[in-house]
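Q: Please take a close look at a single part of this structure. Walk me through it step by step, in plain words.

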Amino acid sequence: MPEMIDHISPSMLSLFCRCQEAFRRRYIEGIKLPPGIAACIGTGMHKGAEANHRQKMGSGCDLPVSDIQDAARDGYHKAVSDGIFIPAGEEAGASAELSKGVDTAVSLATAYARHVAPRIRPVAVEYKMEAAVEGLPVPLLGIIDVLDESGWCPDLKSAGRKWPESKAEGNLQPPIYHYLLKVTRGIEASMSFEVITHKGDHQPIPVNVRDDDLAPIVARAKGLLHTMQSGVFLPAEPGHWMCGPKWCGYWHSCSFIPNYKKCARSNAA
Ligand code: SF4
(Lines give C-alpha, C1' and ligand atoms only; values in the text may rest on other atoms or scores of the structure.)
Protein backbone atom coordinates (compact mmCIF):
# COMPACT_ATOMS: atom_id res chain seq x y z
CA MET A 1 0.00 0.00 0.00
CA PRO A 2 2.70 2.62 0.77
CA GLU A 3 3.85 2.34 -2.87
CA MET A 4 0.75 4.48 -3.65
CA ILE A 5 2.78 7.43 -2.44
CA ASP A 6 6.45 7.93 -3.23
CA HIS A 7 7.08 10.75 -0.75
CA ILE A 8 5.53 12.56 2.21
CA SER A 9 5.23 16.35 2.13
CA PRO A 10 4.12 18.77 4.87
CA SER A 11 0.78 19.44 3.14
CA MET A 12 0.06 15.71 2.80
CA LEU A 13 0.85 15.02 6.43
CA SER A 14 -1.07 18.06 7.58
CA LEU A 15 -4.21 16.91 5.71
CA PHE A 16 -3.80 13.41 7.15
CA CYS A 17 -3.61 14.89 10.67
CA ARG A 18 -6.80 16.94 10.12
CA CYS A 19 -8.85 14.20 8.49
CA GLN A 20 -7.64 10.75 7.43
CA GLU A 21 -10.71 10.28 5.23
CA ALA A 22 -10.00 13.52 3.33
CA PHE A 23 -6.42 12.29 2.90
CA ARG A 24 -7.75 9.02 1.46
CA ARG A 25 -10.01 10.86 -1.01
CA ARG A 26 -7.17 13.14 -2.12
CA TYR A 27 -4.16 10.84 -2.25
CA ILE A 28 -5.58 7.32 -2.69
CA GLU A 29 -8.70 7.96 -4.75
CA GLY A 30 -6.82 10.82 -6.45
CA ILE A 31 -9.73 13.28 -6.23
CA LYS A 32 -8.03 16.66 -6.20
CA LEU A 33 -10.39 19.50 -5.39
CA PRO A 34 -9.91 22.99 -6.80
CA PRO A 35 -8.79 25.68 -4.36
CA GLY A 36 -11.11 28.24 -2.78
CA ILE A 37 -10.90 31.98 -3.44
CA ALA A 38 -8.63 32.57 -0.40
CA ALA A 39 -6.11 30.03 -1.73
CA CYS A 40 -6.14 31.72 -5.16
CA ILE A 41 -5.43 35.05 -3.45
CA GLY A 42 -2.44 33.41 -1.75
CA THR A 43 -1.28 31.97 -5.08
CA GLY A 44 -1.43 35.46 -6.61
CA MET A 45 0.77 36.91 -3.87
CA HIS A 46 3.22 34.00 -4.20
CA LYS A 47 3.46 34.46 -7.97
CA GLY A 48 4.31 38.14 -7.46
CA ALA A 49 7.02 37.22 -4.95
CA GLU A 50 8.33 34.40 -7.13
CA ALA A 51 8.70 36.68 -10.16
CA ASN A 52 10.70 39.10 -8.01
CA HIS A 53 12.90 36.43 -6.42
CA ARG A 54 13.77 34.75 -9.74
CA GLN A 55 15.03 37.90 -11.39
CA LYS A 56 16.68 39.19 -8.20
CA MET A 57 18.98 36.15 -8.12
CA GLY A 58 20.64 37.64 -11.22
CA SER A 59 20.03 41.37 -10.86
CA GLY A 60 20.42 41.77 -7.09
CA CYS A 61 17.60 44.35 -7.23
CA ASP A 62 13.89 44.18 -6.53
CA LEU A 63 11.44 44.67 -9.37
CA PRO A 64 9.34 47.84 -9.42
CA VAL A 65 6.27 47.35 -7.23
CA SER A 66 4.01 47.64 -10.30
CA ASP A 67 5.75 44.60 -11.91
CA ILE A 68 5.24 42.54 -8.74
CA GLN A 69 1.59 43.63 -8.69
CA ASP A 70 1.18 42.59 -12.34
CA ALA A 71 2.64 39.15 -11.64
CA ALA A 72 0.30 38.76 -8.65
CA ARG A 73 -2.71 39.80 -10.74
CA ASP A 74 -1.77 37.33 -13.51
CA GLY A 75 -1.13 34.59 -10.95
CA TYR A 76 -4.54 35.12 -9.36
CA HIS A 77 -6.37 35.09 -12.72
CA LYS A 78 -4.54 31.94 -13.81
CA ALA A 79 -5.37 30.18 -10.51
CA VAL A 80 -9.05 31.11 -10.84
CA SER A 81 -9.20 30.04 -14.48
CA ASP A 82 -7.75 26.63 -13.58
CA GLY A 83 -10.85 25.97 -11.46
CA ILE A 84 -12.22 27.15 -8.16
CA PHE A 85 -14.21 25.63 -5.30
CA ILE A 86 -17.33 27.60 -4.42
CA PRO A 87 -19.23 26.06 -1.49
CA ALA A 88 -22.87 25.15 -2.16
CA GLY A 89 -25.13 28.08 -1.26
CA GLU A 90 -22.44 30.71 -1.88
CA GLU A 91 -22.71 30.77 -5.68
CA ALA A 92 -24.72 34.03 -5.70
CA GLY A 93 -21.96 36.10 -4.11
CA ALA A 94 -19.09 34.30 -5.85
CA SER A 95 -18.72 36.74 -8.73
CA ALA A 96 -18.29 39.74 -6.41
CA GLU A 97 -15.89 37.77 -4.19
CA LEU A 98 -13.81 36.80 -7.22
CA SER A 99 -13.54 40.45 -8.30
CA LYS A 100 -12.56 41.49 -4.79
CA GLY A 101 -10.01 38.66 -4.74
CA VAL A 102 -7.83 40.19 -7.42
CA ASP A 103 -7.58 43.46 -5.47
CA THR A 104 -6.65 41.56 -2.34
CA ALA A 105 -3.96 39.57 -4.16
CA VAL A 106 -2.49 42.81 -5.52
CA SER A 107 -2.52 44.53 -2.12
CA LEU A 108 -0.85 41.49 -0.52
CA ALA A 109 1.85 41.59 -3.20
CA THR A 110 2.30 45.31 -2.53
CA ALA A 111 2.81 44.66 1.19
CA TYR A 112 5.30 41.88 0.35
CA ALA A 113 7.20 44.28 -1.95
CA ARG A 114 7.39 46.94 0.77
CA HIS A 115 8.05 44.87 3.89
CA VAL A 116 9.63 41.56 2.90
CA ALA A 117 11.31 41.77 -0.53
CA PRO A 118 14.05 44.29 0.40
CA ARG A 119 15.34 41.93 3.13
CA ILE A 120 15.80 38.91 0.83
CA ARG A 121 18.85 38.16 -1.29
CA PRO A 122 17.71 34.94 -2.98
CA VAL A 123 20.03 32.03 -3.73
CA ALA A 124 17.25 29.50 -4.43
CA VAL A 125 13.63 30.00 -5.51
CA GLU A 126 10.79 27.45 -5.42
CA TYR A 127 13.49 24.98 -4.51
CA LYS A 128 12.41 21.33 -4.38
CA MET A 129 14.11 19.12 -1.82
CA GLU A 130 13.77 15.41 -1.14
CA ALA A 131 15.65 13.27 1.35
CA ALA A 132 15.37 9.94 3.13
CA VAL A 133 14.87 9.77 6.88
CA GLU A 134 16.02 6.85 8.96
CA GLY A 135 13.16 4.46 9.68
CA LEU A 136 10.80 5.91 7.06
CA PRO A 137 10.32 3.85 3.86
CA VAL A 138 9.52 6.91 1.71
CA PRO A 139 11.45 10.20 1.58
CA LEU A 140 10.28 13.58 2.88
CA LEU A 141 9.68 16.20 0.21
CA GLY A 142 9.33 19.96 0.43
CA ILE A 143 9.41 23.02 -1.82
CA ILE A 144 10.55 26.26 -0.21
CA ASP A 145 9.48 29.69 -1.49
CA VAL A 146 12.96 31.16 -1.31
CA LEU A 147 16.31 30.85 0.46
CA ASP A 148 18.28 33.92 1.46
CA GLU A 149 22.08 33.93 1.11
CA SER A 150 22.38 34.09 4.93
CA GLY A 151 20.58 30.73 5.27
CA TRP A 152 17.28 32.38 6.20
CA CYS A 153 14.26 30.52 4.80
CA PRO A 154 11.20 32.80 4.95
CA ASP A 155 7.85 31.20 4.17
CA LEU A 156 5.25 33.66 2.85
CA LYS A 157 1.70 33.21 4.10
CA SER A 158 -1.43 35.17 3.23
CA ALA A 159 -4.07 35.37 5.94
CA GLY A 160 -7.38 37.07 6.65
CA ARG A 161 -6.01 38.25 10.01
CA LYS A 162 -2.83 38.03 12.05
CA TRP A 163 -1.81 34.57 13.22
CA PRO A 164 -2.13 33.66 16.91
CA GLU A 165 1.29 32.84 18.39
CA SER A 166 0.48 29.13 18.71
CA LYS A 167 -0.20 28.72 14.98
CA ALA A 168 3.44 28.75 13.90
CA GLU A 169 4.45 26.42 16.73
CA GLY A 170 2.53 23.41 15.47
CA ASN A 171 3.20 23.91 11.77
CA LEU A 172 4.88 20.92 10.14
CA GLN A 173 6.75 22.92 7.50
CA PRO A 174 9.64 24.45 9.47
CA PRO A 175 11.07 21.21 10.95
CA ILE A 176 10.70 19.38 7.61
CA TYR A 177 12.22 22.21 5.57
CA HIS A 178 14.98 22.66 8.14
CA TYR A 179 15.88 18.97 7.88
CA LEU A 180 15.74 18.96 4.08
CA LEU A 181 17.93 22.08 3.82
CA LYS A 182 20.46 20.47 6.12
CA VAL A 183 20.62 17.28 4.06
CA THR A 184 20.45 18.80 0.57
CA ARG A 185 22.49 21.99 1.09
CA GLY A 186 24.38 21.31 4.30
CA ILE A 187 23.08 24.42 6.09
CA GLU A 188 21.47 25.14 9.46
CA ALA A 189 18.70 27.34 8.09
CA SER A 190 16.85 29.90 10.17
CA MET A 191 13.13 29.61 9.57
CA SER A 192 10.32 32.15 9.68
CA PHE A 193 6.80 32.77 8.54
CA GLU A 194 6.20 36.13 6.91
CA VAL A 195 2.46 36.56 7.29
CA ILE A 196 0.77 39.23 5.17
CA THR A 197 -2.81 39.94 6.14
CA HIS A 198 -5.55 40.91 3.72
CA LYS A 199 -5.38 44.38 5.29
CA GLY A 200 -1.74 44.61 4.20
CA ASP A 201 -0.16 44.15 7.65
CA HIS A 202 3.13 42.28 7.82
CA GLN A 203 3.67 39.90 10.74
CA PRO A 204 7.14 38.32 10.85
CA ILE A 205 7.20 35.15 12.97
CA PRO A 206 10.64 33.59 13.53
CA VAL A 207 10.44 29.86 14.23
CA ASN A 208 13.03 28.23 16.43
CA VAL A 209 13.64 24.70 15.09
CA ARG A 210 15.70 22.03 16.83
CA ASP A 211 16.75 18.66 15.43
CA ASP A 212 14.52 16.97 18.03
CA ASP A 213 11.45 18.52 16.37
CA LEU A 214 11.70 16.04 13.51
CA ALA A 215 11.11 12.84 15.52
CA PRO A 216 7.40 13.51 16.29
CA ILE A 217 6.84 14.34 12.62
CA VAL A 218 8.49 11.11 11.51
CA ALA A 219 6.26 9.26 14.00
CA ARG A 220 3.19 10.86 12.40
CA ALA A 221 4.50 9.94 8.94
CA LYS A 222 4.89 6.34 10.06
CA GLY A 223 1.30 6.50 11.35
CA LEU A 224 0.19 7.68 7.92
CA LEU A 225 1.89 4.71 6.23
CA HIS A 226 0.48 2.33 8.82
CA THR A 227 -3.02 3.69 8.20
CA MET A 228 -2.56 3.18 4.46
CA GLN A 229 -1.56 -0.41 5.08
CA SER A 230 -4.57 -1.03 7.32
CA GLY A 231 -7.00 0.62 4.90
CA VAL A 232 -8.94 2.08 7.85
CA PHE A 233 -9.19 5.88 7.65
CA LEU A 234 -10.87 7.86 10.40
CA PRO A 235 -13.03 10.90 9.72
CA ALA A 236 -12.23 14.32 11.19
CA GLU A 237 -12.85 14.87 14.87
CA PRO A 238 -16.60 15.55 15.38
CA GLY A 239 -17.17 19.30 15.31
CA HIS A 240 -13.80 20.00 13.64
CA TRP A 241 -13.88 23.34 11.77
CA MET A 242 -12.91 21.63 8.54
CA CYS A 243 -15.76 19.09 8.59
CA GLY A 244 -18.50 21.08 6.87
CA PRO A 245 -19.63 22.00 3.34
CA LYS A 246 -17.83 25.36 3.45
CA TRP A 247 -14.35 23.99 4.08
CA CYS A 248 -14.43 20.39 2.86
CA GLY A 249 -15.16 19.76 -0.81
CA TYR A 250 -15.66 16.04 -0.07
CA TRP A 251 -18.52 16.77 2.37
CA HIS A 252 -21.38 16.12 -0.07
CA SER A 253 -19.99 12.69 -1.01
CA CYS A 254 -18.53 11.76 2.37
CA SER A 255 -19.76 8.46 3.81
CA PHE A 256 -19.25 9.82 7.33
CA ILE A 257 -21.87 12.54 6.85
CA PRO A 258 -25.49 11.39 7.27
CA ASN A 259 -27.62 11.82 4.16
CA TYR A 260 -30.30 13.85 5.98
CA LYS A 261 -27.70 16.56 6.65
CA LYS A 262 -26.65 16.63 3.00
CA CYS A 263 -30.32 16.79 1.91
CA ALA A 264 -31.03 19.62 4.37
CA ARG A 265 -28.14 21.61 2.93
CA SER A 266 -29.20 20.95 -0.67
CA ASN A 267 -32.76 22.07 0.07
CA ALA A 268 -31.55 25.20 1.87
CA ALA A 269 -29.29 26.05 -1.10
S1 SF4 B 1 -16.65 15.72 5.35
FE2 SF4 B 1 -15.52 15.62 7.29
S3 SF4 B 1 -15.02 13.44 7.57
FE4 SF4 B 1 -15.62 13.72 5.42
S5 SF4 B 1 -13.71 14.04 4.33
FE6 SF4 B 1 -14.50 16.07 4.87
S7 SF4 B 1 -13.56 16.61 6.82
FE8 SF4 B 1 -13.30 14.41 6.50
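A: Contact here means heavy atoms within 4.5 Å. Keep in mind that this is a predicted model.

Start with Asn52, which lies in helix α3. Is this residue buried or exposed? Its relative accessibility is 0%, so Asn52 counts as buried; the cut-off for buried is under 20%. What does Asn52 touch? Setting aside neighbours within four places in sequence, its contacts are Cys61, Asp62, Leu63, Ile68, Tyr112 and Ala117. The side chains of Asn52 and Asp62 are joined by a polar contact of 2.8 Å.

Now follow Tyr112, another name on that contact list. Tyr112 is one of the buried residues of α5. Others in this helix include Ala94, Gly101, Val102, Leu108 and Ala113. What covers them? The cover includes α3 (37-59), α4 (65-81), β3 (152-159) and β4 (190-197).

How far does α5 reach? This helix has 22 residues, 94-115. At 1.5 Å a residue they should span 32 Å. The end C-alpha atoms are 31 Å apart, which agrees.

Last, turn to β4, part of that cover. It pairs with strand β5 (residues 202-207) in the antiparallel sense, over six bridges. Ile196 stands opposite His202 in β5. Together β4 and β5 form a hairpin, with four residues between them. In the turn sits Gly200, with a positive phi of about 95°.

Notes:
Residues are numbered from 1 along each chain as its sequence is written. This is a predicted model: local features need pLDDT of at least 70, side-chain atom pairs count only at pLDDT 80 or more; totals for chains, interfaces and linings use all residues. Side-chain values use heavy atoms; hydrogens and water are left out. Helices (H or I, at least four residues) and strands (E, at least two) are DSSP runs, numbered from the N terminus. The expected span of a helix is 1.5 Å times one less than its number of residues. Buried means under 20% relative accessible area, exposed over 50%, partly exposed in between (1.4 Å probe, protein chains only). Two strands pair if DSSP finds at least two bridges between them. A polar contact is a pair of N or O atoms within 3.5 Å; within protein, one must be able to donate a hydrogen and the other to accept it, and residues adjacent in sequence count only if both atoms are side-chain atoms.
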